[in-house]
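Work through the exercises below with the sequence and the model open. Each task is followed by a stepwise solution.

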Amino acid sequence: MELTRKLQSEIRALHTRHGRKKSRLCCCEGLRAVRELFAAAPELVHYCVCTPELRTALPYPREPITVSNREFAALTGTVNAQGVLAVSEQPPEPPATLLPEDPFLFALDRLGDPGNFGTICRTLLAAGLHELWFTGGTVDPWSDKSIRSALGAQFRLRLRSFPDLNSMAQQATTFGYRNIFLTDPHHGENCFTTPDLFDHSLIVIGCESTGVGELPGARHTLIPMPGNFESLNAAQAATIFLFESVRRHFVASGVK
């Protein structure tokens, strides 16, 4: 297989939201991200492109297209090209009737930074969860920047999108997740002492600039900040919440 002009145009188009939406493909770049894609969903891979140095670095599902370092640099969306990329189908959203397996749901409301999004994907997996929900206005999970930041972690998650917080909360309630918590930097229940925070709940992290939107009937929860600073980075806040759930699990099970 050769790197034709058609394939070059296809790869470049995947650096745009319009190109991804039209083709339902995405570009997964970097050794660790591509390795994660191969491990999680090799059936989605259409083809791989790599430099000679990376030719034997991965168990490619099929014969890769080998190009020079200069040719590869012209394809990539990064300043320092990592020498390997894979063009893959975007995994479909799970059926609306498929029940989540997680003890609580974690969600994002209009989160705009792909770096934060990717870090949260990795943290979710590290905390043992399988789903990530998000509202319209959230960064594209399948952009090249989101995939690089997550190191391909989104290929192991069930991603569910919703138009807004109301529709998300309605779906969570339908699935039996009865408590809705909106994170707030200044007001709400203490995330370290609220007993039912992770008991069949939906926990929502807001966008970096304005926080979570309004949702009637939802409870607010905060991370105590003795230093009285304005707020934490969204990915940092997500990590604290997710690993508070891990801490409680180990305490409840008596594991030291």
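The model is predicted.

**Exercise 1.** Find the bridge partner of Leu 182 in E10, then describe how the strands E8 and E10 pair.

Solution. Step one: Leu 182 has Val 204 as its bridge partner in E10. Step two: strand E8, residues 179-183, runs parallel to E10, and four bridges join them.

**Exercise 2.** In which sense do E5 and E10 pair, and over how many bridges?

Solution. Step one: strand E5 spans residues 105-109 and pairs with E10 in the parallel sense, over five bridges. Step two: within this pairing, Phe 106 is opposite Ile 203 of E10.

**Exercise 3.** Decide which residues of E10 point one way and which the other, and whether they are buried or exposed.

Solution. Step one: in a regular strand, side chains alternate between the two faces of the sheet. Step two: Ser 201, Ile 203 and Ile 205 point one way from E10, whereas Leu 202, Val 204 and Gly 206 point the other way. Step three: six of the six residues of E10 (residues 201-206) are buried, so the strand is largely enclosed by the rest of the structure.

**Exercise 4.** Are Cys 27 and Cys 207 buried or exposed?

Solution. Step one: buried means under 20% relative accessible area. Step two: Cys 27, at 1% relative accessibility, therefore counts as buried. Step three: Cys 207 has a relative accessible area of 9% and is buried.

Notes
Residues are numbered from 1 along each chain as its sequence is written. This is a predicted model: local features need pLDDT of at least 70, side-chain atom pairs count only at pLDDT 80 or more; totals for chains, interfaces and linings use all residues. Side-chain values use heavy atoms; hydrogens and water are left out. Buried means under 20% relative accessible area, exposed over 50%, partly exposed in between (1.4 Å probe, protein chains only). Helices (H or I, at least four residues) and strands (E, at least two) are DSSP runs, numbered from the N terminus. Two strands pair if DSSP finds at least two bridges between them.
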